[in-house]
Amino acid sequence: MNKEKKIAGLYIRVSTLDQAREGFSLGQQEEQNQVALYLFNSINPK
């Protein structure tokens with residue numbers, strides 16, 4: 001099994017007010033990324 005440590009970076013941004021209104025705000029993107037990271041770590045434990 002590969003024990004190499006992996007590092008990832010996440011980039012969030014909103015270009016327009018419409019994007020923020022339609023559910024793509026910075027806070028919502030950050031929350032979705034945290035959920036994805038949690039699920040990834042649950043599937044791939046250290």
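Me: What makes arginine 21 and aspartate 18 a salt bridge?
Reply: In this predicted model, their closest N and O atoms are 2.5 Å apart. A salt bridge is a side-chain nitrogen of Lys or Arg within 4 Å of a carboxyl oxygen of Asp or Glu, so the pair at 2.5 Å qualifies. A search of the whole structure turns up one salt bridge.

Me: Where do arginine 21 and aspartate 18 sit?
Reply: Both are in helix α1 (residues 17-21), three residues apart, about one turn of the helix. Helices here are DSSP runs of H or I with at least four residues, strands are E runs of at least two, and numbering goes from the N terminus. On that count the protein chain has two helices and zero strands.

Me: Why is arginine 21 called exposed?
Reply: Its relative accessibility is 60%. Exposed means over 50% relative accessible area, buried under 20%, and partly exposed in between (1.4 Å probe, protein chains only), so arginine 21 counts as exposed.

Me: And what makes aspartate 18 partly exposed?
Reply: Aspartate 18 has a relative accessible area of 48%, so it falls in the in-between class. As for the protein chain, buried residues make up 4% of its 46 residues.

Me: How do you know which atoms and residues count?
Reply: Residues are numbered from 1 along each chain as its sequence is written, and side-chain values use heavy atoms, with hydrogens and water left out. As the model is predicted, local features need pLDDT of at least 70 and side-chain atom pairs count only at pLDDT 80 or more, while totals for chains, interfaces and linings use all residues.
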